[in-house]
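Have the sequence and the 3D view open as you read.

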Amino acid sequence: MKKLLTVLLVVAMLLSSVACFSSCGEKKGVKVIDIALSEEKYAFAVAKDDTDLLNKVNEYLAKITEDGTFDAICDRYFGDGEPVKFESAKEDATKDQLVVATSTGFAPFEMVDENGKYYGIDLEIAKGLAEYLGKELVIKDMKFESVVLSVQTKQCDIGMAGLTITPAREAMVTFSNSYYNASQVLIVNENDTTFDDCKTADDVVKILEGLNKDTKIGCQTGTTGEIYITGDLDNPDGYGFKGLPVTKMAYDYAALAVTAMRNGEINYVILDNAPANAIAKGINK
């Protein structure tokens with residue numbers, strides 16, 4: 001319930017900001033600089049010793065990829081389809097359940113509406129997986145940085161939260177086969193022309209590396225975007241990101257970072273390409 005109230009507060013904040021812009025006679029849109037700054041793969045996380053579930057997950061991913069189900073799910077979020085919303089069952093140790101760790105607010109992969117119904121690419125896959133396994137589905141919504149740990153400690157059966165495969169996470173859990181290729185991109189206010197002439201990642205990076213601490217760049221806490229900003233060259237198991245000479249501003253939800261940018265609190269946002277485009281589409285419609 002606490003998490004739901006937090007998400008509802010986020011929704012209220014976003015609606016409030018939209019109302020403010022409308023009442024002032026100004027609609028502040030955003031645009032995605034759709035040039036990949038990094039490449040990564042999404043997968044689902046299971047406990048190290050849960051080989052049976054891992055095999056079933058990979059089996060299910062292969063099935064939905066082959067029969068077109070995965071494409072149909074994606075079309076509901078990237079195309080003209082209608083998302084499938086559903087409620088989570090209550091966790092009950094006496095029942096045969098699939099307990100999924102996720103972190104909503106990461107459109108279009110995991111979301112929850114004002115009525116507490118879940119939807120998103122990952123969560124629709126979770127719903128199908130539970131049915132495939134003949135189990136009741138339980139969604140446990142938490143902060144992103146807690147998802148992998150909850151699987152490692154077996155508080156949850158599987159992590160489905162737009163998780164990028166990294167060596168550090170592989171030390172904690174086992175990943176399924178990858179189901180989605182992601183990249184980091186930059187979001188700016190629609191009237192910002194700084195990156196308009198950029199054609200390649202090197203063009204974008206050159207501008208970013210010329211900034212200073214006066215520039216504030218937002219991200220979602222615990223994501224690849226945060227590491228891209230701070231850098232991880234001192235981590236032998238990291239991405240090899242140099243980091244940026246800016247001030248990092250981390251938020252629990254991607255949408256909050258974009259709202260902060262629209263309000264003039266920060267300059268730019270770095271997010272995964274899918275949520276970046278989903279958020280921009282919602283704002284600009």
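Let's begin with K154, which is exposed, with a relative accessible area of 51%. Exposed here means over 50% relative accessible area, buried means under 20%, and partly exposed is anything in between (1.4 Å probe, protein chains only). K154 also has a positive phi of about 65° although it is not a glycine. Most residues other than glycine have a negative phi, and most peptide bonds are trans.

A word on ground rules: this is a predicted model, where local features need pLDDT of at least 70 and side-chain atom pairs count only at pLDDT 80 or more, while totals for chains, interfaces and linings use all residues. Residues are numbered from 1 along each chain as its sequence is written, and side-chain values use heavy atoms, with hydrogens and water left out.

**Salt bridges**

What does K154 pair with? D49 is its salt-bridge partner, with the closest N and O atoms 2.7 Å apart. D49 sits in the loop between β2 and α2, and K154 in the loop between α5 (147–152) and β7, so the pair ties together parts that are 105 residues apart in sequence. Like K154, D49 is exposed. Helices here are DSSP runs of H or I with at least four residues, strands are runs of E with at least two, and both are numbered from the N terminus.

A salt bridge is counted when a side-chain nitrogen of Lys or Arg lies within 4 Å of a carboxyl oxygen of Asp or Glu. By that rule the count comes to twelve. Three of them, including the one above:

| Pair | Closest N to O | Where |
|---|---|---|
| D49 and K154 | 2.7 Å | loops β2–α2 and α5–β7 |
| D67 and K63 | 3.1 Å | helix α2 |

In helix α2, D67 and K63 are four residues apart, about one turn of the helix. D67 is partly exposed at 42% relative accessible area, and K63 is partly exposed too, at 39%. K127 is partly exposed at 28%, whereas E131 counts as exposed at 54%.

**Helix α2**

Helix α2 (residues 51–67) has 17 residues and reaches 24 Å from its first C-alpha to its last. That is close to the 24 Å expected at 1.5 Å a residue, the expected span being 1.5 Å times one less than the number of residues. Its buried residues are L53, L54, V57, N58, Y60, L61 and I64. Seen down the axis of α2, they fall within an arc of 160°, so they line one face of the helix. (The arc is that of the directions from the helix axis to the C-beta atoms.) The face turned away from that buried side carries the exposed residues D52 and E66. Among the elements covering the buried residues are α3 (69–78), β3 (97–102) and α4 (121–133); contact means heavy atoms within 4.5 Å. Just after α2, G68 takes a positive phi of about 90°.

**The sheet**

Five strands form an open, mixed sheet in the order β6-β3-β7-β2-β8, where two strands pair if DSSP finds at least two bridges between them. β6 (136–141) and β8 stand at the edges with a single partner strand each, so one side of each is left without a neighbour in the sheet. Two bridges join the antiparallel strands β2 and β7, and V46 has I158 in β7 as its bridge partner.

**One more loop**

Finally, a cis peptide bond joins A107 and P108, with omega about 0°. P108 is found in the loop between β3 and β4 (111–112).
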